[in-house]
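These are my notebook entries on one protein. I wrote down what I looked up, in the order in which I looked.

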Amino acid sequence: MGKSTLFNRLLGHRKAIVDDQPGVTRDRNYGTVKRYEVPFTLVDTGGFEPVSNDRLLQQMREQSQLAMEEADVVLFVMDGREGLTVADREVATMLRRLDKPVFFVVNKVDGDKQENLAAEFYALGVAQLYTIAAEHNRGVGDLMEDVVAAFPSRPAVDGDDAVTRIAVVGRPNVGKSSLVNRLVGFERSVANPVAGTTRDSIDTVFTWHGKRHMLIDTAGIRRKGRVSQKIETYSVVDALRSLDRADVALIVLNAEEGITEQDTKIAGYAYEAGRGCIFVVNKWDTLAKDNRTVGVFIDKIRTEFKYLPFAPILFLSAKTGQRINTVMEAVAQVMAEYTKRVSTGDLNRLLKEAVEEHHPPLHQARRVKFYYVTQTATRPPAFVFFTNQPDGIHFSYERYLLNKLRERFGFSGTPLRIIFRGRDQEKKR
């Protein structure tokens with residue numbers, strides 16, 4: 001149908017595997033889309049066959065059903081060249097029972113001729129069809145304008161801005177539930193040495209130093225090759241959704257096992273979600289240590305997580321309570337940076353000094369000029385730099401500006417977002 005092509009189009013780069021042969025996408029593929037007014041998580045599914053005895057197709061159907069259950073909005077993509085099929089009718093009937101917005105999309109409509117052929121899809125009895133050509137970006141803008149408008153608002157918590165949401169993320173059996181239990185002081189989550197005990201996110205609201213906090217104990221995120229059971233696959237999504245509603249992520253590592261590739265992927269999820277990040281090295285009491293052990297482990301973390309040089313690192317034992325008091329202190333410090341605002345005057349003084357110290361490179365034989373900078377958001381902090389050539393700023397100069405912001409204003413534990421804006425366009429990384 002072209003679902004993966006649409007996925008790549010919305011994501012802005014080629015992530016999903018695309019092939020002319022149907023059935024290439026067999027599992028769900030996830031991506032965070034930040035190109036529209038509201039950031040969102042996009043899920044690409046395998047083909048949905050309503051009735052099939054083939055085991056692979058049955059598994060793909062289960063994956064698609066899970067994706068629909070967990071989604072806020074569903075895009076049902078059909079093939080305009082193939083025309084309306086029996087399977088389309090059956091899926092459409094099923095989708096009408098969903099209590100959520102469903103957009104009926106006819107793909108591969110490249111021009112007026114195909115537009116006329118697509119009229120047969122109105123036989124599904126839907127009020128509106130969206131005819132697009134994902135490969136050529138035809139009609140995608142109009143579709144996404146309505147899709148974004150249909151997103152639900154973020155669920156509120158009493159005193160929403162006053163509650164710090166903390167997601168505890170990591171591989172299975174690194175001690176996440178034990179950490180939650182130790183922090184809140186009682187057995188709120190089931191702590192079990194068998195990996196995978198926690199399968200749904202569990203929220204616990206508590207007060208620390210007079211301020212309300214919400215701990216989100218997430219299911220362990222397994223390596224993709226090991227996610228075989230349907231319920232475990234859902235757990236991965238649930239953990240990712242927990243990051244979407246968190247302010248700070250506690251990235252729990254297992255001191256006994258060291259750093260794994262999956263740890264780097266989980267930390268990457270937290271970074272891409274724009275959350276404040278703290279590394280928690282758990283089970284530290286189990287290691288034989290000398291005066292070099294901490295330094296060596298810190299060096300490993302900084303090497304493996306190069307994209308998170310700003311994240312604090314804590315060493316503790318959730319089981320014994322060793323250094324457990326450092327967690328909430330670090331959360332408070334990171335939250336202060338995550339919500340920090342800098343005055344426009346201070347920002348522009350920094351910009352002037354930075355440009356004088358290191359001039360922007362030429363772009364197409366023209367000098368890049370900066371007019372001014374202002375902070376536009378917190379959680380995470382975001383800054384808009386107004387310039388004559390937003391497309392002419394190399395990523396190395398963007399990194400230079402980020403480093404200058406951190407040198408002057410701190411922002412420990414939080415990612416920063418920079419937007420370069422001209423008169424009629426914007427460049428965002």
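**Entry 1: a unit of strands and a helix**

Which unit do S15, helix H12 and S16 make, and what is its handedness? I found a β-α-β unit, and it is right-handed. I note at the outset that the model is predicted.

S15 (residues 382–387) and S16 (residues 417–421) run parallel, with five bridges between them. Within this pairing I located phenylalanine 385, which stands opposite phenylalanine 420 in S16.

**Entry 2: the other partner of S15**

I looked up strand S14 (residues 370–377) next. S14 is antiparallel to S15, and six bridges join the two. Alanine 377 stands opposite alanine 382 in S15. S14 and S15 form a hairpin with four residues between the strands, and there arginine 379 has a positive phi near 55 degrees.

**Entry 3: the two faces of S15**

Are the residues of S15 mostly covered or mostly open? I found that six of its six residues are buried. In a regular strand the side chains alternate between the two faces of the sheet. I checked the directions in S15: Ala382, Val384 and Phe386 point one way, while Phe383, Phe385 and Thr387 point the other way. Both sets are buried.

**Entry 4: helix H12**

Which residues of H12 are buried? I listed Tyr397, Glu398, Tyr400, Leu401, Leu402, Lys404, Leu405 and Phe409. An α-helix has 3.6 residues a turn, so residues three or four places apart point the same way. I also looked up what covers these buried residues: the cover includes helix H10 (325–338) and helix H11 (344–357), together with S14, S15 and S16. Just after H12, I noted glycine 410, whose phi is positive at about 90 degrees.

**Entry 5: an annotated site**

I consulted the UniProt record, an unreviewed entry, which lists residues under "binding site".

Asparagine 107 is in strand S4 (residues 102–107). Its relative accessibility is 3%, so I counted asparagine 107 as buried. Beyond its neighbours within four places in sequence, asparagine 107 is in contact with residues including Met1, Gly2, Val77, Asp79 and Ile132.

Valine 109 is in the loop between S4 and helix H4 (112–117). Valine 109 also counts as buried, because its relative accessibility is 1%. Leaving out residues up to four places away in sequence, its contacts include Gln114, Glu115, Ala118 and Arg138.

**Entry 6: a loop residue**

Where is arginine 171? I found arginine 171 in the loop between strand S6 (164–169) and helix H6 (176–184). It has 10% relative accessibility and therefore counts as buried. I also noted that the C-alpha atoms of arginine 171 and aspartate 263 are separated by 6.8 Å, although the two residues are 92 apart along the chain.

**Entry 7: the whole protein**

The protein has twelve helices and 17 strands. Of its 429 residues, 48% count as buried. Among contacts between residues at least 6 apart in sequence, 66% join residues at least 24 apart.

Definitions and conventions
Residues numbered from 1 in each chain as written. Predicted model: local features only at pLDDT ≥ 70, side-chain atom pairs only at ≥ 80, totals over all residues. Heavy atoms only, no water. Buried < 20%, exposed > 50% of the residue type's maximum accessible area, 1.4 Å probe, protein only. Contact = heavy atoms within 4.5 Å. UniProt positions renumbered as here; feature names shortened; annotations may be inferred. Pairing = 2+ DSSP bridges. Right-handed = clockwise from strand over helix to strand, strands pointing away.
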